[in-house]
Amino acid sequence: MDNNLLKVAEIIKKSKNMIALTGAGISVESGIPDFRSAGGLWDRYDPAIYASIHSFIRMPEKVWDMIFEMIEVTEGAAPNSAHLSLAKLESMNYLKTIITQNIDNLHQEAGSKNVIEYHGNAKHLVCMSCNAEYSASEFDVSSKEIPTCEYCEKILKPSVVFFGENIPLDALTESQKFAEAADVVLVIGTSAVVYPAASIPRIAKGRGAALIEFNLERTDLSSYADILISGSAGKTLPELVKLLEQ
Ligand code: NAD
């Protein structure tokens, strides 16, 4: 057992306002590649190009090639033990909310109730022209036919935040409130370089919160963290839950 995990469990037992910021790394063990996974979706589709709103506006058909694959990968995925552990920490009343950068809905599927989706959710589609909203399940994406709006016939966009788009205002203000009030912030599976999400742990730490990072490797945030838990979140988070159950 990692001694640092024992320290984290002690900190959490005394906490009153713990939050978690999660990133693509927490879903890698569910089979959804993060931006670094070799041989995955992002090897074929450079996120700087395909995840940009400017590209979507200029060439939506090309970006939909990537979206079809992204929806296929996320639809086939189930929550892993890291997602389930965070749901457990919420039910034990330790974790007040998850702020996730992920768009895969896996925290909700794991049973977490308080989830702020900072970058939206790929299960929903939106018309950029008339704002009509759709569930992705209304369309047969396996047919590779690009979904269009029934009112204005424009190509639909997944309800996710592309590079160059604003964060939904509700998510932004709620996250800011939680970050300012937090006494502990767990930062799990994020390289912490995509802003403004990456400012959340920095705001919390600036207000005196303990910053605990769970990652396979060091990140831009590591020198700022109070404790680093190295390893896969699917292994370290269940171990943490076990310690808190004792
Ligand atoms: P990132 O790809 O930049 O970084 C992922 C981080 O997770 C890395 O630091 C990596 O070392 C770590 N990691 C990988 N596997 C891990 C594991 N098993 N346990 C612990 N840590 C692990 O991801 P990011 O920081 O979230 O930024 C990427 C952006 O792309 C986000 O805004 C997100 O919206 C989007 N994205 C989302 C998904 C998804 O919804 N699942 C997938 C890919 C990208």
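Helices (H or I, at least four residues) and strands (E, at least two) are DSSP runs, numbered from the N terminus. The model described here is predicted: local features need pLDDT of at least 70, side-chain atom pairs count only at pLDDT 80 or more, and totals for chains, interfaces and linings use all residues. Residues are numbered from 1 along each chain as its sequence is written, and side-chain values use heavy atoms, with hydrogens and water left out.

**Two serines in a loop**

Ser27 lies in the loop between β1 (18-22) and α2 (41-44), and Ser30 lies in the loop between β1 and α2 as well. The table concerns burial, where buried means under 20% relative accessible area, exposed over 50%, and partly exposed in between (1.4 Å probe, protein chains only).

| Residue | Relative accessible area | State |
|---|---|---|
| Ser27 | 1% | buried |
| Ser30 | 14% | buried |

Contact means heavy atoms within 4.5 Å. Leaving aside neighbours within four places in sequence, Ser27 is in contact with Ile32, Asn80, His83, Asn102, Asp104 and Leu106. With residues up to four places away in sequence not counted, Ser30 touches Ala77, Ala78, Pro79, Asn80, His83 and Leu106. The C-alpha atoms of Ser30 and Asp65 are separated by 22 Å, and these residues are 35 apart along the chain.

Helix α10 (residues 233-245) has 13 residues. Among its buried residues are Leu237, Leu240, Val241 and Leu244. An α-helix has 3.6 residues a turn, so residues three or four places apart point the same way. The cover over the buried residues of α10 includes α1 (3-14), α6 (81-91), β7 (184-188), β8 (210-215) and β9 (227-230).

Axes are lines fitted to C-alpha atoms, for helices over the stretch in contact, and angles run from 0 to 180 degrees between N-to-C directions. The axes of α6 and α10 cross at roughly 30° and come within 7 Å. The two helices, α6 and α10, are therefore roughly parallel to each other (angles under 35 degrees count as roughly parallel, over 145 as roughly antiparallel, 65 to 115 as roughly perpendicular and the rest as oblique). Residues making this contact include Ser81, Ala82 and Leu86 of α6, and Ala233, Leu237 and Val241 of α10.

**Helices α8 and α9**

Helix α8 (residues 169-181) packs against helix α9 (residues 199-206) at an angle of about 35°, with the axes 7 Å apart. Here Ser175, Gln176, Ala179 and Glu180 in α8 meet Ile200, Ile203 and Ala204 in α9.

Methods:
Expected span 1.5 Å × (residues − 1).
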